[in-house]
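I opened a new notebook page for this chain. My plan is to go from the whole chain to single residues.

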Amino acid sequence: MNANPLVLIVEDEPDIADLLEAYLRREHFRTERAADGPGAVRLHHAARPDLVLLDVNLPGIDGFEVLRKIRETAQTPIILVTARAEDLDKLLGLKLGADDYVVKPFSPLEVVARVKAVLRRAGMQTSTRPLRFGELELDPVAVRVRVSGVRLDTTLTEYRILEHLLRHPNRTFSRAELLEVALPDSDALERVMDTHLGNLRKKLEQAGMPQVIETVRGVGFRLWLD
């Protein structure tokens, strides 16, 4: 199995497809794209993706029919992307075999978080290689953090924040972006991130890595080494 899962994006609006593809590739996913129902069925058969992001409102045949056709031969994880917020549509999609759904308008970070969650439930890791930054090391398989070889105890939220920052060293993220990654199903306020980041910073400082999470005034936070 490839360490970088392949996601098939089925979306007839190029701007939305471009956005999803950019965010997924930034997280080291491989991508393929289809713009209509028949093309999605053909490409699914040819490319054998690890997950499908499937828009419901497609030309040719709609997403529900694509879902039915895929489920006739495969159990590929599928996330429905829909502008329909009605419960009946959600229930129909889940009844037909969808693993999750996202309602437009959506945050691309939320979609990426849901892709990772569905793949985890399906038994895949989005990356198996340890992430390193100076003396800091994060093991995505063991879900473990070490500094200079010594284990650093973190909460799950702190771990998710650190993993996201490690995957994008020197890049700045806002509180809202970190909140969507670390607590994707939460209604918590953005300022909650200050508490989690403060606790994580204290642990890193005690482990010998002070100021590794830098505040960029008016923008957000980044992982940074002088």
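What share of the 226 residues in the chain is buried? I looked it up: buried residues make up 46%. Buried means under 20% relative accessible area, exposed over 50%, and partly exposed in between, with a 1.4 Å probe and protein chains only.

I noted the ground rules next. This is a predicted model, where local features need pLDDT of at least 70 and side-chain atom pairs count only at pLDDT 80 or more, while totals for chains, interfaces and linings use all residues. Residues are numbered from 1 along each chain as its sequence is written, and side-chain values use heavy atoms, with hydrogens and water left out.

**Entry 1: the whole chain**

I found eight helices and eleven strands. Both are DSSP runs numbered from the N terminus: helices are H or I with at least four residues, strands are E with at least two. The chain exposes about 11600 Å², by the Shrake-Rupley method with a 1.4 Å probe, where for residues only the protein chains shown count as cover. Carbon and sulfur atoms supply 48% of that area. I also checked contacts, meaning heavy atoms within 4.5 Å. Among those between residues at least 6 apart in sequence, 58% join residues at least 24 apart.

**Entry 2: strand E1**

I turned to E1, residues 6-10, where five of five residues are buried. Leu6, Leu8 and Val10 point one way, and Val7 and Ile9 point the other way. In a regular strand the side chains alternate between the two faces of the sheet.

Which strands pair with E1? Two strands pair if DSSP finds at least two bridges between them. E2 (residues 30-34) pairs with E1 in the parallel sense over five bridges. The chain gets from E1 to E2 through helix H1 (residues 14-26), and this β-α-β crossover is right-handed. That term applies if, with the strands pointing away from the viewer, the path from the first strand over the helix to the second runs clockwise. E3 (residues 51-55) also runs parallel to E1, joined by four bridges. Ile9 stands opposite Arg33 in E2 and has Leu53 as its bridge partner in E3.

**Entry 3: an open sheet**

I traced four strands in the order E6-E7-E8-E9, forming an open sheet with antiparallel pairing. E6 and E9 (150-152) are the edge strands, each pairing on one side only. The twist averages 25 degrees from one strand to the next. Three bridges join E8 to E9, and Arg146 has Arg151 as its bridge partner in E9. Helix H6 lies across E6, E7 and E8, at about 110 degrees to E7. Axes here are lines fitted to C-alpha atoms, for helices over the stretch in contact, and angles run from 0 to 180 degrees between N-to-C directions.

**Entry 4: the cores**

A nonpolar core is a set of buried Ala, Val, Leu, Ile, Met, Phe, Trp, Tyr and Cys residues joined through side-chain atoms within 4.5 Å. The largest has 25 residues, and Leu136 is one of those with the most contacts inside it. H6 gives the most to this core, with five residues. A second, separate core of 21 residues includes Ile9, Leu20, Val112 and Val181.

I listed some neighbours of Leu136, among them Leu131, Val145, Leu162 and Met209.

**Entry 5: Glu27**

Is Glu27 buried or exposed? Glu27 counts as buried because its relative accessibility is 5%. Glu27 lies in the loop between H1 and E2. Leaving aside neighbours within four places in sequence, Glu27 is in contact with Val112, Lys116, His164, Arg167 and His168.
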